Amino acid sequence: MLNQLSVFVANQKGRVAKVCRTLADTDINMHSLFVADTEEFGVIRIFCDTPLAAAAALKEAGFRASVTPVMGVCIPNEQGGLANLLEFLDAHGVNVQYLYCFLSDAQSAIDVLKVDDPAIEAELAAAGYQIVTPEDIYLAD
């Protein structure tokens, strides 16, 4: 499992910038950032080198922040790659609460999933899926 930093913010001008500045000023290096939003609020999802310290720094700055365990799966960057993964999870009765994807390189995509059954990670690995480790994401300095 991966530790994802989740930050809840009002959907207002400058809020994402303040989150980024808070992390930068506490020497925390972000490696990826994704924002899901509604008209009123947003959820910023971040992979960084020290997610627990980042959550503490953001809380101290007045943000609602938490560390969420998520699963990362590397899949081939080809038609149907994500569909195959989701069908595998569905066949095993696993609910996907949310997911987002990004390219790792021209041949691979990383799918980040919040699932209701983290034990599925072992079954995915046994089925030949490449599970993403913290070292793959956090690019430890």
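Tutor: Strand β6, residues 108–115, is mostly covered, with 8 of its 8 residues buried. Buried means under 20% relative accessible area, against over 50% for exposed and partly exposed in between, with a 1.4 Å probe and protein chains only. Strands are DSSP runs of E with at least two residues, numbered from the N terminus. The model is predicted: local features need pLDDT of at least 70 and side-chain atom pairs pLDDT 80 or more, while totals for chains, interfaces and linings use all residues. Residues are numbered from 1 along each chain as its sequence is written, and side-chain values use heavy atoms, leaving out hydrogens and water.

Ser108, Ile110, Val112 and Lys114 point one way from β6, while Ala109, Asp111, Leu113 and Val115 point the other way, and all are buried.

Two strands pair if DSSP finds at least two bridges between them. Strand β5, residues 96–105, runs antiparallel to β6 and is joined to it by 8 bridges; a hairpin connects β5 to β6 through 2 residues. Strand β4, residues 64–76, is also antiparallel to β6, with 6 bridges. Val112 in β6 stands opposite Gly72 and is the bridge partner of Tyr100.

Tyr100 also belongs to a cluster that ring pairs form with Phe34 and Phe102. Rings of Phe, Tyr and Trp (its six-membered ring) pair if their centres lie within 6.5 Å; planes under 30 degrees apart count as stacked, over 60 as edge-to-face and the rest as tilted. The whole structure holds 3 aromatic pairs.

Note on methods:
Helices (H or I, at least four residues) and strands (E, at least two) are DSSP runs, numbered from the N terminus.
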